Each structure stands twice: as C-alpha cells, then as structure tokens.
Amino acid sequence: MSDDNNLFLLPLDRLTPDILWYVFAGAVLVFFIYSIFLVYHWFRYGMNVLTSLLATIIYLGVSGIILIITIISFASLLP
Amino acid sequence: MLHLQEGEHIDIKARKHWFLLFRDSAGIFIVYFIPFIGWNLLMNQPDIALPTLHESLPLFLASVWTLLLWAKFFAIWTDYYLDVWIVTDRRIVNIDQKGLFHREVSTLRMERIQDVTLEIEGIIATVLGFGDVLVQTAGETGEFVIKGVNNPEHIKRKILSHVDTHAQNPPPVL
C-alpha cells in the first residue's frame with residue numbers, strides 16, 4: 001500500500017466539526033429556501049389544488065424523514 | 001391561473017407525456033447513485049487504505065446528498081407539472097415554466113391558425129403514443145409547438161375543428 005493511494009481520501013477523515021456544521025447548515029438552508037420556492041410555485045401556478053397538495057405532502061413527508069436521519073447522524077458526529 | 005373570457009370554455013388541458021418526465025429525471029437518479037457505487041468500489045479495493053471514519057459520517061453525507069437531490073427531482077417535476085397547453089374554443093394557451101424564476105405564457109387565437117401538423121418521432125413515442133403538434137400561424141410568429149403531449153392526434157383534431165368553426169363564423173369586427 002502506498003501513501004499516494006490515500007491522498008484523495010484525506011479530506012474525509014479530516015472533516016472537523018466546524019466543517020461539518022457548514023455542510024449541515026448549508027444543505028439545510030439551501031433545502032429550505034428551495035422548498036419554499038417549490039411549494040409556492042405549486043400553489044400559485046398549479047392548475048389542480050389536489051395535485052399540488054399531494055405533491056406537498058409527499059415532498060415534505062419524505063424530506064422530513066431524510067432531515068431526521070441527517071440531524072441524528074449529524075448529532076452523533078459532534079464531540 | 002388562466003382567466004377565461006365570457007362564454008369561453010376549456011376543451012383540452014395537455015401536458016407532456018410522463019415518459020418525458022422519466023427521461024428528464026433519469027440523470028438525477030444516475031448522479032444520485034454515483035457516490036454510492038464509487039464508495040462500494042473503493043471498499044472492495046484491497047490495495048487502497050481507507051481512512052478510519054466515524055461510523056455516522058457516511059450516513060450523514062448520504063442523507064445530505066439525498067436531501068439535495070430529492071429537492072432537485074421535485075424541481076424537475078415542477079417544470080413538468082407547470083408546463084401546460086390549454087385549448088379553449090377560442091385560443092391555445094401555452095404556459096411554459098422554464099425554471100423556477102422564468103415563466104412564459106403565450107396565446108394564439110384560433111383565427112390566426114393556418115395549419116396544424118402532427119409529429120411523432122422515434123420508437124418510444126410511437127409505442128407510447130406521444131408527439132408534437134405544430135401549429136402554423138399567420139404573421140411573424142411562425143410556429144407554435146405543443147411538445148411531447150399524449151394523444152397528439154386528438155389535440156390536432158380538436159384544434160382543427162375550432163379553426164373550421166371560426167372560419168365559418170368569424171368573430172365580429174368591432
């Protein structure tokens with residue numbers, strides 16, 4: 001095994017809690033802003049309220065599950 | 001929302017065929033799995049020394065990745081959902097959502113239509129029965145395209161029947 005093989009993996013084991021916070025906060029912020037725009041468009045321009053409602057339930061429901069997994073895994077990473 | 005004129009009624013609301021949504025979102029699914037496939041390949045390489053990672057780190061990164069691509073998938077669906085062609089007895093309205101902050105609504109009145117052409121291209125479109133309806137217009141506008149809709153033959157027939165009706169009973173000139 002040569003050291004060169006490890007080089008491209010180094011960032012993963014050097015992720016400090018600070019960097020993880022930035023990744024977490026950035027992703028959640030982007031997701032929330034994006035979601036607000038999406039849901040706004042579905043209800044503002046959608047031709048069918050029921051479809052928009054169903055899309056919102058599916059989108060936010062699945063997103064909620066993913067967010068919970070993200071938060072739990074993030075919390076366990078913190079010292 | 002479309003505001004109808006007095007006495008106007010909607011005949012057809014058409015949007016792109018579901019296969020086009022599937023095609024447009026296929027890229028997202030492929031991109032989604034790339035890091036997982038890459039990680040699995042790395043794990044199975046005996047000559048590469050993997051760093052010791054916290055056991056929750058892969059789960060954290062995977063969930064962040066999933067969250068962002070899930071939102072991106074719905075952005076593609078939004079584009080599909082909000083792209084609509086509406087055929088009324090007086091006009092064709094093309095609502096084109098070109099991303100979250102770019103929306104175009106164009107209208108073509110029946111009396112301006114000169115010809116309607118149907119185009120079904122490719123094996124998948126032929127089997128699934130979707131295609132384009134090309135509406136030729138008088139004036140500089142040229143062509144108005146209803147893209148990738150289900151049952152284009154039906155839409156073409158409806159438009160032509162309205163065009164014929166308008167030709168026989170032209171709207172009064174005020």
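1. Basis. This is a predicted model, in which local features need pLDDT of at least 70 and side-chain atom pairs count only at pLDDT 80 or more, while totals for chains, interfaces and linings use all residues. Residues are numbered from 1 along each chain as its sequence is written, with chains lettered from A and ligands numbered from 1 in the order in which they are written.

2. Chain A, overall. Chain A has 3 helices and 0 strands, and its elements run α-α-α from the N terminus on. Helices here are DSSP runs of H or I with at least four residues, strands are runs of E with at least two, and both are numbered from the N terminus. Of the 79 residues in chain A, 13% are buried. A residue is called buried if 20 or more other C-beta atoms lie within 10 Å of its own, exposed if 12 or fewer do, and partly exposed in between, with C-beta atoms placed from the backbone.

3. Chain A, helix packing. Helix 2 (residues 17-45) of chain A packs against helix 3 (residues 49-77) of chain A at about 175°, and their axes are 12 Å apart. Axes are lines fitted to C-alpha atoms, for helices over the stretch in contact, and angles run from 0 to 180 degrees between N-to-C directions. That angle makes helix 2 of chain A roughly antiparallel to helix 3 of chain A; the cut-offs are under 35 degrees for roughly parallel, over 145 for roughly antiparallel, 65 to 115 for roughly perpendicular, and oblique for the rest.

4. Chain A, the contact residues. Helix 2 of chain A contributes A:Leu20, A:Phe24, A:Ser35, A:Val39, A:Trp42 and A:Phe43, and helix 3 of chain A contributes A:Ser52, A:Ala55, A:Thr56, A:Ser63, A:Phe74 and A:Leu77. Two residues are in contact if their C-beta atoms, placed from the backbone, lie within 7 Å. By class, the residues of this contact are 8 nonpolar, 4 polar and no charged. Ala, Val, Leu, Ile, Met, Phe, Trp, Tyr, Cys and Pro count as nonpolar, Asp, Glu, Lys and Arg as charged, and the others, Gly among them, as polar.

5. Chain B, overall. Chain B contains 4 helices and 7 strands, in the sequence pattern β-α-α-β-β-β-β-α-β-β-α. Its radius of gyration is 24 Å, whereas a compact globule of 174 residues would be near 16 Å; the radius is taken over C-alpha atoms, and the globule rule is 2.2 Å times the number of residues to the power 0.38. The C-alpha trace of chain B spans about 80 × 35 × 25 Å along its principal axes. In chain B, 21% of the 174 residues count as buried.

6. Chain B, the sheet. In chain B, 4 strands form an open antiparallel sheet in the order 1-2-3-4. Strand 1 (10-14) and strand 4 of chain B are at the edges with a single partner strand each, so one side of each has no neighbour in the sheet. Neighbouring strands of this sheet are turned by 15° against each other on average, direction ignored. Strands are taken to pair if DSSP finds at least two bridges between them.

7. Chain B, pairings. Strand 1 of chain B pairs with strand 2 of chain B over 4 bridges, in the antiparallel sense, and B:Ala14 has B:Trp85 as its bridge partner. Helix 4 (residues 152-168) of chain B packs on the sheet and touches strand 1, strand 2 and strand 3 of chain B, its direction making about 150° with that of strand 1 of chain B. B:Trp85 also stands opposite B:Asn94 in strand 3 of chain B.

8. Chain B, hairpins. Strand 2 and strand 3 of chain B form a hairpin with 2 residues between them. Strand 3 and strand 4 of chain B form a hairpin with 5 residues between them, and B:Gly99 in the turn has a positive phi of about 105°. The antiparallel pairing of strand 3 with strand 4 (residues 103-109) of chain B has 7 bridges, and B:Gln97 stands opposite B:Arg103.

9. B:Asn151. This residue lies in the loop between strand 7 (143-150) and helix 4 of chain B. Phi of B:Asn151 is near 50°, a positive value in a residue other than glycine. Most residues other than glycine have a negative phi. B:Asn151 is partly exposed, with 14 other C-beta atoms within 10 Å.

10. B:Glu8. Which residues does B:Glu8 touch, not counting residues up to four places away in sequence? They are B:Thr88, B:Asp89 and B:Arg90. B:Glu8 is found in the segment before strand 1 of chain B and is partly exposed, with 13 other C-beta atoms within 10 Å.
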